[in-house]
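Me: Can you walk me through this fold? Keep it short.

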Amino acid sequence: MPELRREDVAHVAKLARLIMSDAELDMFTHQLGQVLDHASDMNALDLDGVVATAHPFGLVNVVRDDVPRTCLDHDVVMAMAPDAEDGRFAVPRILGEAP
Amino acid sequence: MKSARQTALDVQNGDTSALSVLEESLAQIYSRNEELHVFLYVDEEGARKSAAALDERIARGENVGSLAGVPVALKDNLCQTNIPTTCSSKILEGWRPPYNATVVDRLLAAGAVPVGKTNLDEFAMGSSTENSAFGPTRNPLNTSRVPGGSSGGSAAAVAADMTPLALGSDTGGSIRQPAALCGLVGVKPSYGLVSRYGLIAFASSLDQIGPLTKTVSDAAIALEVIAGHDPLDTTSLPEPSPSLVGHVEDGVAGMRIGVVRELIDGADADVVASVERAVEVLKEAGATIVELSVPEFRLGLSAYYLIAPAEASSNLARFDGVRYGLRVKADDVTAMMEATRTAGFGEEVKRRIMLGTYALSAGYYDAYYGQALKVRTLTIDAFRRAYREADLLLGATTPSVAFEFGSKTADPMAMYLSDVFTIPSNLSGEPAISVPFGTGEAGLPIGVQLLGPGRSEAQLFAGARVLEIADGRL
């Protein structure tokens with residue numbers, strides 16, 4: 001399996017929307033490397049032709065009749081929002097941000 | 001504190017009241033919570049109202065249910081309407097859910113009285129409660145030791161006689177391991193048996209809710225109450241709750257029980273000795289013992305520590321500071337999300353999000369996540385083969401008794417290895433139970449684990465009951 005590098009960890013932090021200090025990058029590179037090393041015991045296996053299992057039962061889509069039902073109260077849900085405006089979730093600007 | 005079963009009988013018969021049972025529970029919580037740090041929140045007012053309402057209904061001659069007046073502790077990743085629910089994370093501090101988890105509704109419908117929310121490893125990621133953002137829980141049996149985790153608070157609540165029943169969640173052993181370390185019965189039910197609606201998701205293909213109790217029959221009563229189909233959970237099995245309480249005394253005569261080498265090897269000598277004694281007890285009770293080796297179980301740990309973080313990294317993407325919980329202000333939305341998640345998540349949660357994001361990322365998906373899913377298939381196939389030779393499997397729940405605080409926190413891999421015996425059942429979606437059997441180092445309890453095929457809970461309770469009787473506790 002590919003070796004985990006510090007720049008990989010920095011890239012993953014960006015994907016995961018986490019800000020890492022230099023010390024954290026060092027620590028996670030070491031610790032995640034250990035877990036991946038342990039997982040390398042799976043490399044020794046011949047897994048060609050083995051079907052992947054993502055879920056114990058094999059997920060199937062569950063549908064119901066399209067009948068309106070009572071749902072959560074809008075005001076109650078919005079009361080938990082960090083910021084709201086006119087009954088909607090408010091966020092800082094989305095467009096025009098730095099790349 | 002009396003068992004849940006006896007408490008419910010006494011309350012329903014009018015020998016005591018739900019209110020006086022609750023006062024006993026609250027008194028114990030207030031006398032020991034500061035020292036043990038079990039409850040993050042105690043809903044004294046709501047519990048008093050529930051108990052008073054039950055007493056009125058009983059006075060009118062109503063049967064209020066099989067958990068009449070039984071105080072219950074809820075792991076703080078289970079939603080209860082308007083009760084703070086944190087997952088022991090700063091990112092949810094102050095959040096109050098607008099709905100009940102289905103298990104909470106079912107407990108209430110059976111006459112139980114939820115008293116509060118218990119501490120856990122943040123987002124249920126851990127094996128000691130040391131990962132809680134609000135500080136660890138202490139093991140009531142020895143306060144220099146961990147209670148296990150992640151449902152450590154729920155286990156400690158029952159072990160400290162604060163409540164006779166607690167609910168936890170088990171993704172890789174998080175009910176069974178703390179049950180073992182605190183001397184309790186802990187059940188990880190079949191995947192789909194108990195609705196997860198209102199359980200804050202960690203790894204959705206593995207998570208199950210289950211009970212922690214002092215007795216096997218209390219666990220059976222509680223599981224009957226919370227099990228059964230729920231249209232609000234798409235992974236919920238289509239059938240009603242199974243009959244379990246009626247099978248607790250069935251015994252193991254004629255049953256084939258497989259003793260699995262990989263569920264024992266590597267455990268401390270005192271733990272191995274307990275499993276060996278359990279084998280003798282089950283044999284004397286009429287079971288046929290089969291020695292088995294299932295090497296695939298060892299690979300389960302590697303697969304689990306890629307699959308669970310992968311699912312967690314996806315599930316925890318919802319904590320972005322937009323709709324609920326913490327928001328750290330910043331000039332644009334991406335900076336806000338980064339600042340919020342960086343401030344809100346603790347180190348272990350970040351470690352797992354990073355691991356999962358890496359395992360799922362372009363270029364590494366096949367090498368890690370894809371391989372892990374194939375190993376999951378091998379584990380499930382290995383269980384199937386084992387169940388051709390045995391009705392139930394037997395092993396240890398944990399490699400050691402409760403360990404000291406700080407002994408594994410510097411080395412995440414050492415902590416992960418403590419889940420090696422419990423993980424296979426989560427990968428296969430099958431049930432398992434941990435039952436206290438004997439004591440080991442420093443007089444601390446040892447848990448023995450019985451595993452069964454899907455929906456074999458009745459046989460697991462019967463087997464656990466045989467061990468409970470032989471252990472001389474009840």
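**Chain B: the sheet and the overall build**

Reply: Chain B holds an open sheet of 11 strands with mixed pairing, in the order S1-S3-S2-S4-S6-S5-S10-S11-S9-S7-S8. Two strands pair if DSSP finds at least two bridges between them. This is a predicted model, where local features need pLDDT of at least 70, side-chain atom pairs count only at pLDDT 80 or more, and totals for chains, interfaces and linings use all residues. Residues are numbered from 1 along each chain as its sequence is written, and chains are lettered from A and ligands numbered from 1 in the order in which they are written.

Me: Which strands stand at the edges?
Reply: S1 (39-42) and S8 (288-292) of chain B. Each has a single partner strand, so one side of each lacks a neighbour in the sheet.

Me: In what sense do S5 and S10 of chain B pair?
Reply: Antiparallel, over three bridges, with S5 at residues 185-188 and S10 at residues 432-439.

Me: What is the bridge partner of Lys188(B) in S10(B)?
Reply: Ala432(B).

Me: New topic. How many helices and strands are in chain B?
Reply: 15 helices and 11 strands. Both are DSSP runs, numbered from the N terminus: helices are H or I, at least four residues, and strands are E, at least two.

Me: What fraction of chain B counts as buried?
Reply: 64% of its 474 residues. Buried means 20 or more other C-beta atoms within 10 Å of the residue's own, with C-beta atoms placed from the backbone.

Me: And what does the C-alpha trace of chain B span?
Reply: About 65 × 55 × 45 Å along its principal axes.

Note on methods: Buried ≥ 20, exposed ≤ 12 C-beta atoms within 10 Å, placed from the backbone.
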